[in-house]
Amino acid sequence: MTLRHLKMFVAVCESGSVTRASEQLYIAQPTVSHAISELEKYYNVKLFDRINQRLILTDTGRELLVTAKEILSGFESFERLASFGGQSPRVRIGASLTLGQTVVPPYLKRLGAEHPEIEAQLMIKTSASIQAEIENGNLDFAIVEGEVASPYLRAELLMRDRLVAVANAADKVPDTLSAEALAHYPLLLRDHGSASRAFLEKLLTAKGIHIVPRMESVNDQALITAVYASLGIALLPESFVGGHIARGKFKEIKIEDLDSRRNNYLIIHKNRRLNSFQETAYSLMKEM
């Protein structure tokens, strides 16, 4: 028995008939019928029940279909890897939550257009979680917000952004506030563990200011929705709220004594060696 027999078996199962399978495979119908008969005779097993000129998979046939697909998938992976000189075209990319929503989509679009041979896999988590995934070897490289403290990671400055205080444009909130005055307003913040929250609390703690948010969320979009509902002031990356400000829906509130600029990094494990596909994807990220 050969892989060709398995391909015809799977095609018949998925198409529901020998005729459609032969059309999909560009093979004569008798050849497909003969291959199915050979499989059944060789293994002394009944793959299909023939009912009213229809092929119905038997219980054994359903079990063998799963295994056949696994075998064909494994062979396709082997061929793909071998054809690329032993280098896997798969690239595992990580991103912290905000960057995963702002930077990654246009990056993946460009990567797919310029390098369709690369198979990109994306993981989006909190910055701390992504750094841990890099340390554990589960990602090839990643982009994260805020500082990178791990001694096992190499961080390269990718871009800078800033946290922006925003309120609904219809709300009666001053255009300028001090950091201390800001703390007395209902605040809408990212959850503990996020890079944005850690960065903000570090700035405020340095001024002796403690905050108790009215709302905290793991999701930036939930905070955006809360601003539209006039629930308070949100502090979010400019890249995420800039469009709302430009459309006149949100009002930016200047915090006069708070420097909210921060760095975002492209990170990789210090011992990680990238193959040519991963290196291409890594280099393209640096251009974003």
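Between which two elements does the loop that holds Ser-230 lie? Here are some notes to read alongside the structure, which is a predicted model.

1. Ser-230 first. Ser-230 sits in the loop that joins α10 and β10. Its phi is near 60°, a positive value in a residue other than glycine. Most residues other than glycine have a negative phi, so this is a spot to look at on screen. With a relative accessible area of 35%, Ser-230 is partly exposed.

2. You will find Asn-44 in the loop between α3 and β1, the latter spanning residues 48-51. Asn-44 counts as exposed because its relative accessibility is 72%, and the cut-off for that class is over 50%.

3. The buried side of α11. Helix α11 covers residues 238-246, and within it Phe-240, Val-241 and His-244 are buried. These residues lie on the same side of α11, because the arc they cover around the axis is only 60°. Several elements cover them, including α5 (97-102), β6 (153-168), α10 (220-228), β10 (233-237) and β11 (250-255).

4. Gly-242 and the end of α11. Gly-242 also belongs to helix α11. Its relative accessibility is 26%, so Gly-242 counts as partly exposed. From C-alpha to C-alpha, Gly-242 and Val-164 are 8.8 Å apart in space, although 78 residues separate them in sequence. After α11 comes Gly-248, which has a positive phi near 80°.

5. The buried side of α2. Which residues of α2 are buried? They are Val-18, Ala-21 and Ser-22. Their arc around the axis is only 100°, which means that they are on the same side of α2. The partners they pack against are α1, α3 and β2 (54-57).

6. The largest nonpolar core. This core has 21 residues, and the ones with the most contacts inside it are Phe-9, Val-12, Val-32 and Phe-48. At least two of its residues come from each of α1 (3-15), α2 (18-25), α3 (29-43) and α4 (59-83). The helix that gives the most is α1, with 7 residues.

7. The surroundings of Phe-9. Phe-9 deserves a look of its own. Setting aside neighbours within four places in sequence, Phe-9 is in contact with Ile-36, Leu-39, Leu-47, Phe-48, Leu-57, Gly-61, Leu-64, Leu-65 and Ala-68. One of these partners, Phe-48, is itself among the residues with the most contacts inside the core.

8. The largest pocket. How much space lies in the largest pocket? The volume is about 240 Å³. The lining has 17 residues, and those nearest the centre of the pocket are Gly-146, Glu-147, Ala-195, Ala-198 and Phe-199. Two or more lining residues come from each of α7 (127-135), α9 (195-205) and β12 (261-269).

9. The make-up of that lining. Which element gives the most to the lining of the largest pocket? That element is α9, with 6 residues. Sorted by class, the lining has 7 polar, 6 charged and 4 nonpolar residues.

Technical notes: Residues numbered from 1 in each chain as written. Predicted model: local features only at pLDDT ≥ 70, side-chain atom pairs only at ≥ 80, totals over all residues. Heavy atoms only, no water. Buried < 20%, exposed > 50% of the residue type's maximum accessible area, 1.4 Å probe, protein only. Helix = DSSP H or I, 4+ residues; strand = E, 2+ residues; numbered from the N terminus. Arc of directions from axis to C-beta. Contact = heavy atoms within 4.5 Å. 1 Å grid on protein atoms, 1.4 Å probe; cavity = no way out; pocket = protein on both sides within 12 Å on 5 of 7 lines; lining within 4 Å. Points joined across faces, edges and corners; volume = space filled by probe spheres on them. Nonpolar A, V, L, I, M, F, W, Y, C, P; charged D, E, K, R; others polar. Core = buried A, V, L, I, M, F, W, Y, C linked by side-chain atoms within 4.5 Å.
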